[in-house]
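Please look at the structure below and follow it chain by chain. The text moves from one chain as a whole to the places where chains and side chains meet.

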Amino acid sequence: MQRTVYTELRPGIGFASLLALLGAAIAAGLGAALYMEKYGHIVTGMNNQIAWGLPHVFAVFLIVSASGVLNVASLASVFERAAYKPLARLSGLLAIALLAGGLAVLVLDLGRPDRLIVAMTTYNFKSIFAWNIFLYTGFMAIVAGYLFVQMSRGMERYVKPVGWLAFVWRLALTTGTGSIFGWLVARQGYDAAIMAPLFVAMSLSFGLAVFILFVLVTCAAAGREFGADLLVRLARLLGIFAGAVLYFTAVQHLTALYAAEHGGVERFILLDGGLYTGLFWGGQVVLGGLLPMALVYLPATGRSRIAVLFASVLVVLGGLAQIYVIIIGGQAYPLVLFPGMEESSSFQDGVVASYMPSLPELLLGLGGVALALTIAVIGMRVLRFLPATLGDAADEPRRERAASAGS
Amino acid sequence: MSGGRPATGARRGGGNATSSRRDFLRGAGAFTVTLAAGVTLMAYGETPAAARQPGEPVTSKQRWGLLIDVSRCGDGCTACVTACAEENGWKQGGNPLTDAQWIRKVTIRNPKNGVTRSAPVMCQHCADPPCVDVCPTGASFKRADGIVLVDKHTCIGCRYCMLACPYKARSFVHEPLQDQKPYAPRGKGTVESCTMCVHRVDTGRIPACVEACSATGNGAMLFGDLNDPGSEISKRVAQYPTSQIRADLGLDPGVRYRNL
Amino acid sequence: MKSRIVIILLLSTVVIFWLEAAPARAVESGLPKTGTIGAVAPSTGEAKICTAELRQMSRSGKPPLTAGVNVPRPPKGKGEVCVADTDYMRRFHMDLLAHQRDDTVREGIRTKRFSLKECIACHVVNGPDAQPVTYDNPNHFCRVCHDYTGVKIRCFECHASRPPLGLRSTLPPQGGDAKALARYLKDVEQ
């Protein structure tokens with residue numbers, strides 16, 4: 001039985017310059033956070049109408065991807081797809097890295113980040129936000145334990161139970177993240193039970209896209225082989241997950257369209273919302289769903305490394321667009337205080353809110369992404385996460401076993 | 001209060017004579033406050049017996065509410081808004097998108113027939129507030145007497161309650177503040193909303209907006225104890241049909257509207 | 001061997017929790033009863049050692065053993081004594097503030113004795129223009145000690161750090177003018 005050999009990344013000028021670049025991005029993000037804390041949120045584009053802006057888009061994307069990126073390891077441990085086993089460790093590392101980046105952005109955007117201790121010790125358990133704090137930190141601990149049992153000798157028998165725990169916890173975490181929006185009765189664009197499964201599907205899709213991007217780029221940069229067979233497996237999986245996201249989105253909007261009450265917000269998102277309509281159809285549906293599915297399933301492009309890379313990038317972009325439409329589009333549509341009436345006031349009642357993302361917000365969001373990448377890159381340098389080879393030749397014994405078992 | 005010298009005169013020199021003057025001030029103050037509170041409450045239909053002593057905690061025996069008669073609300077009148085801004089120290093103007101606004105006049109127009117009316121909208125002090133449900137630290141809370149407040153010592157500024165409020169009642173403080181009113185502390189990085197002038201209510205007075213509205217002569221706003229069947233507001237709510245904004249959400253706000 | 005370690009750990013936990021609650025016990029036992037302003041707070045055992053030195057400091061105004069060190073000299077407040085003994089307030093004012101704010105905000109308990117506005121009104125420090133200084137000014141009462149100890153307080157990001165305009169010009173009247181008394185107390189009540 002061939003054992004997968006994992007090796008650390010080799011140091012070098014490329015590695016050092018990458019870390020320098022990421023370090024600069026993190027420093028810029030921290031600087032932006034300090035600037036926002038000192039002068040107040042007036043320096044950002046967020047206001048009393050759009051209270052959650054670009055940092056939250058980045059944070060939710062990172063958190064949702066963190067949950068989804070662990071899916072590769074779950075496929076190996078929980079669903080016993082042996083082909084993904086060599087990728088399980090990397091999957092765990094990326095999950096922790098992405099979650100850390102997302103949480104950093106979320107915490108640094110708080111109006112009073114100095115009160116983080118209060119947030120960690122005083123809880124209102126009726127709030128899904130409070131539960132999420134436990135789900136996020138617990139996820140980090142569980143994945144750390146998951147990595148521990150995978151990487152330690154003599155702990156093989158614990159991999160499956162811990163893998164199951166991580167899988168269930170992942171689903172709870174993503175459900176909790178979706179419920180942040182799904183449990184808001186006030187707004188027309190939220191208040192939908194389907195937010196939870198939609199976010200689960202989103203996590204699978206975005207997480208896998210991020211994983212494919214990361215592993216392809218890292219293997220190319222580190223000079224490690226990546227097999228065509230494995231590529232096709234991952235690509236097909238990405239297609240299925242992107243399709244699942246399209247399905248849940250369709251159900252969400254078809255159901256809302258049926259209710260006259262939600263007609264206004266649906267018209268806004270789907271038809272005359274300007275930027276939000278463009279992001280929904282162009283970004284979320286076409287770039288994030290239809291085009292990647294076409295790329296991975298068409299025989300002409302399905303086996304091409306470049307095409308799969310491109311499809312993953314499109315899914316990520318479409319994912320950011322989707323989260324932008326959910327978070328910011330949901331807030332931009334005015335609250336309905338008097339149904340059927342036109343409202344106006346000095347507090348922007350009845351008008352679609354305008355939002356212009358500002359530089360500090362962008363820097364903070366990118367700083368979180370850089371933090372996630374830094375953790376992943378340093379992790380691969382210090383510990384053995386990356387397999388020495390992911391080529392088809394290394395995978396040969398497993399395929400022969402599977403073939404003989406099947407016949 | 002009678003004039004003349006205090007019973008225990010202020011003695012010259014040191015020793016422990018200092019307690020006497022403070023004791024007198026204390027007693028005189030208590031007398032004045034109780035008298036003033038009683039007078040204020042009686043003028044607005046409350047019985048002094050329902051008044052709470054300053055040292056006692058609030059109970060759910062009282063539920064404070066507002067009744068707003070929209071037909072008496074002047075179209076261009078913003079007396080309530082101006083009074084609230086003056087009382088609680090939030091400025092208007094400068095940056096309309098980020099400035100706090102605890103109360104605003106909403107103009108409601110029926111697109112079918114063009115009929116227009118206006119009404120003040122502020123925190124509705126719901127009995128089942130969504131902002132309280134979603135606050136991760138419990139900073140957004142409902143006091144026993146029904147007033148919904150933000151405990152700014154615990155607020156981390158996550159703004160989730162701003163997303164959750166159906167009435168857009170909450171504002172976030174986007175910049176550092178100077179010279180806050182001593183009885184209405186507010187600071188950068190926390191969320192705030194109408195407090196129903198809790199600092200006034202706790203000393204037996206009425207909210208600034210209600211006072212200003214009655215001063216204009218319109219008398220569109222009425223404040224009182226919804227749990228007291230003898231109070232003016234309870235009598236009117238029992239007499240006329242009143243509605244709540246977004247009553248379909250089932251939040252049972254303490255702010256009621258008439259002729260909306 | 002293992003059981004001995006467990007027993008030691010358990011005992012340590014109990015002792016640590018008991019010690020941790022000591023400030024709360026001291027606050028409760030040391031707080032003067034209502035109506036006995038000016039009574040000296042009974043010291044708890046643990047505070048006795050520091051109290052003597054503090055008392056000497058407050059009486060003579062000169063630091064006994066720490067001569068040459070820039071110890072803070074906060075200006076005296078308006079009244080004769082604070083709501084409790086000076087040593088007590090030095091040690092426990094933060095606990096009183098933290099406890100009282102919950103009483104006021106959540107329970108609506110507003111007593112004059114523990115009102116923050118009263119503290120600020122009494123401990124007012126006037127600047128060169130005869131106006132009370134705000135927290136920006138290093139001569140503010142709270143800043144004198146807090147700058148020295150390096151303990152940053154954030155109260156005045158929300159709370160006003162000087163008395164309101166009406167109260168600033170109204171000092172407690174001398175003698176027994178009832179009308180001035182009533183006016184002063186009404187201002188204070190706001």
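Of the 190 residues in chain C, 28% are buried in this predicted model. The accessible surface of chain C comes to about 12,300 Å², and carbon and sulfur atoms hold 62% of that surface. Chain C has eight helices and zero strands, so its order of elements from the N terminus reads α-α-α-α-α-α-α-α. Among the contacts in chain C with a separation of 6 or more, 54% are between residues 24 or more positions apart.

One residue of chain C to find is K152(C), which sits in the loop between helix 6 (141-149) and helix 7 (165-168). Is K152(C) buried or exposed? K152(C) counts as exposed because its relative accessibility is 68%, and the cut-off for exposed is over 50%.

R154(C) and D114(A) form a salt bridge, with their closest N and O atoms 3.0 Å apart. Side chains of opposite charge can pair when their charged atoms come close. R154(C) has a relative accessibility of 25%, and therefore counts as partly exposed. D114(A) is also partly exposed, at 35%.

Next comes the contact between chain A and chain B. How many residues does the contact take from chain A and from chain B? The contact takes 53 residues from chain A and 53 residues from chain B. About 4,700 Å² is buried between the two chains, with 56% of this area on carbon and sulfur atoms. In chain A, the residues that lose the most area to chain B are N48(A), F338(A) and F347(A); together they account for 15% of what the chain A side buries.

Polar and charged pairs also cross the interface of chain A and chain B. The rule finds 34 residue pairs in polar contact there, and four salt bridges. A salt bridge joins K126(A) to D133(B), at 3.0 Å from N to O. On the side of chain A that touches chain B, the elements giving two or more residues are helix 1 (13-39), helix 5 (116-121), helix 6 (128-151), helix 7 (156-182) and strand 2 (342-344). The residues of that side divide into 23 nonpolar, 19 polar and eleven charged.

Inside chain B, helix 6 (residues 208-216) has several buried residues: A208(B), C209(B), V210(B), A212(B) and C213(B). What covers these residues? The cover includes strand 1 (64-69), helix 2 (79-88), strand 2 (103-109), helix 5 (198-201) and strand 8 (221-225) of chain B. Just after helix 6, G217(B) takes a positive phi of about 95 degrees.

Another buried residue of chain B is T195(B), which counts as buried because its relative accessibility is 17%, where the cut-off is under 20%. T195(B) lies in the loop between strand 7 (191-192) and helix 5 of chain B. Leaving out residues up to four places away in sequence, T195(B) touches N88(B), W102(B), H125(B), I147(B) and L149(B).

In one, the side chains of E86(B) and K181(B) meet at 3.5 Å, N to O. This pair links distant parts of the chain, as E86(B) in helix 2 and K181(B) in the loop between strand 6 (171-172) and strand 7 are 95 residues apart. E86(B) counts as exposed, at 54% relative accessibility, whereas K181(B) is partly exposed, at 23%.

In the other, R236(B) forms a salt bridge with E232(B), the closest N and O atoms being 3.0 Å apart. Because R236(B) and E232(B) are four residues apart in helix 7 (residues 232-239) of chain B, about one helical turn separates them. An α-helix has 3.6 residues a turn, so residues three or four places apart point the same way. R236(B) is partly exposed at 30% relative accessibility, and E232(B) is partly exposed with a relative accessible area of 30%.

Over all chains, the count comes to 33 salt bridges. In chain A, a network of salt bridges links D229(A), D392(A), D395(A), E396(A), R398(A) and R399(A).

Definitions and conventions:
Residues numbered from 1 in each chain as written. Chains lettered and ligands numbered in written order. Predicted model: local features only at pLDDT ≥ 70, side-chain atom pairs only at ≥ 80, totals over all residues. Heavy atoms only, no water. Buried < 20%, exposed > 50% of the residue type's maximum accessible area, 1.4 Å probe, protein only. Contact = heavy atoms within 4.5 Å. Areas by Shrake-Rupley, 256 points an atom, 1.4 Å probe, with all protein chains shown as cover. Buried area = accessible area lost by both parts, 1.4 Å probe. Polar contact = N/O pair within 3.5 Å; in protein donor to acceptor, adjacent residues only side chain to side chain. Nonpolar A, V, L, I, M, F, W, Y, C, P; charged D, E, K, R; others polar.
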